[in-house]
Amino acid sequence: MITRITTRCFRMFTVLLFPSILYAQSAVLEDYVKEGIKSNLTLRQENLELEKSMETLTQVRALYMPRVYLNATYTLAYGGRRLQFPVGDLLNPVYATLNQMTGTDKFPSVQNVDIQLAPNNFQETTIGFQQSIFNSDIYFSYKIQKDLVSAQLARRNVYENELRYTIVGAYYQYLQTLEASKVLNQSKTILQELLKLNQKLVTNNTATKDVVFSSEYEISKIEQQLAFAEKNEQTARSYFNFLLNRDLTSSILIDSAVYTSAAQTSLTDLEQTALSNRQEIQQINHSIKANENNIRLNRNNRLLPNVFVGGSVGYQGYGYTFDSSQQYAIAQFGLQWNIFKGGEKRSKEQQSRIQANLLSSKFTELQQQIRLQVTQAYYDLQASRKSLTAAEEGLNKALQSFRIIDSRYRNNQALLVEFLRAENDVTTARLSVSIARYDLQAKQAQLNKVIALQ
């Protein structure tokens, strides 16, 4: 009986021990990554921020186009200030005397002037345009916003890269919890069969009942571990579904082809790849370009004028007649030059130069941080490879020891405690191999993340 248990156990251990432990992303996992990128709420917010920046760019670009407007007003007024001038009182006596002297009425009487200053029944309807001919503010504002949109896109890509490998890591974590449950269930099966054997030995009076109690105790310990393993499995599944913005209890597909080959690359090459691929580099580069254009904007605004042309046609007068008496046209050529503003523009230009020094310092620091991240991820991966090799060797030794003790136990040359200890060593070794295997996948994913491998 124990021989059959040992043989089946050894076969299962061998299958788990010698898979092709190399890295690549499976089709199932890649589909999950695409789903997460499409549905993740935080990434969706980053996309909306990018769209908002692009709309701002559209608004700045619109400043290049002429501004055409239509204004129409109609005014009714009552009361208020009045213009009063006694022209009648001054001229009418003179006109009366002239009429007497000439014997005619050529000089009519004149009314005093009494006009309401606020125009009543007055309308003005105008259509006009204004076109900038030369405006450095518009030109450099457009370039600045274009660089800021590129920086926003790089920031969005930074989060996408982070999300991609967070999903990958969560997937491997979930697989590791499944593997742990599988190992414990297999150990429980072995112990249950051992319990049946010991019960038969007690029935046949070839062993005392303590071997049954010991077997039952070992099973209860495994059941406790299975309870924690199930909790870890549920937690890992909920976290993975959270990243994909799905129901937390949704099932997760398991891809048996999750392990394929990945070539090893030198540390120097990985650093260069990271410096070329990392979107943080692109983000700060675009920020530097935007700041350089901001320096030019402030300098040219201080040194160069703005030139524009414009014009308008329309009607204005009392009442709506729209005839030649109300018609008018205006043409304009304008120049605006900020000759002096208390040193404001010079100060803004200097402020931008200080920001340029700050960004340059951040750029250097970022490069060093990326190199450090690549170095840490590289050596973590190397250590994981060695750890997996050691764990596999340990499992092989534990299996060999278990077979020897199993043979001795069947021939009444070993105690039950020795058998249980050997079985526990095998279970522990299997768990170690499982942890080391998925740790290797996680470390490879971490390296791929820091070099921004797509």
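This is a predicted model: local features need pLDDT of at least 70, side-chain atom pairs count only at pLDDT 80 or more; totals for chains, interfaces and linings use all residues.
Local features need pLDDT of at least 70, side-chain atom pairs count only at pLDDT 80 or more, and totals for chains, interfaces and linings use all residues. Residues are numbered from 1 along each chain as its sequence is written, and side-chain values use heavy atoms, with hydrogens and water left out.

The whole structure holds 15 salt bridges. The term means a side-chain nitrogen of Lys or Arg within 4 Å of a carboxyl oxygen of Asp or Glu.

Start with Arg 164 and Glu 30, whose side chains form a salt bridge at 3.5 Å, N to O. Arg 164 sits in helix H5 (residues 136-203) and Glu 30 in helix H2 (residues 27-39), so the pair ties together parts 134 residues apart in sequence. Helices are DSSP runs (H or I, at least four residues), numbered from the N terminus. Arg 164 is buried at 9% relative accessible area. Glu 30 is partly exposed at 21%. Buried means under 20%, exposed over 50%, and partly exposed in between (1.4 Å probe, protein chains only).

Next comes Arg 155, which pairs with Glu 46 in a salt bridge; their closest N and O atoms are 3.5 Å apart. Arg 155 lies in helix H5 and Glu 46 in helix H3 (residues 41-61), so this bridge ties together parts 109 residues apart in sequence. Here Arg 155 is partly exposed at 40%, and Glu 46 is buried at 12%.

Now move to helix H9 (residues 344-410). Lys 348 and Glu 344 form a salt bridge at 3.1 Å, N to O. They are 4 residues apart in the helix, about one helical turn. Lys 348 is partly exposed at 33%, and Glu 344 is partly exposed at 30%. Elsewhere, shared partners link Arg 299, Glu 349 and Arg 353 into one salt-bridge network.

Terms used: Helices (H or I, at least four residues) and strands (E, at least two) are DSSP runs, numbered from the N terminus.
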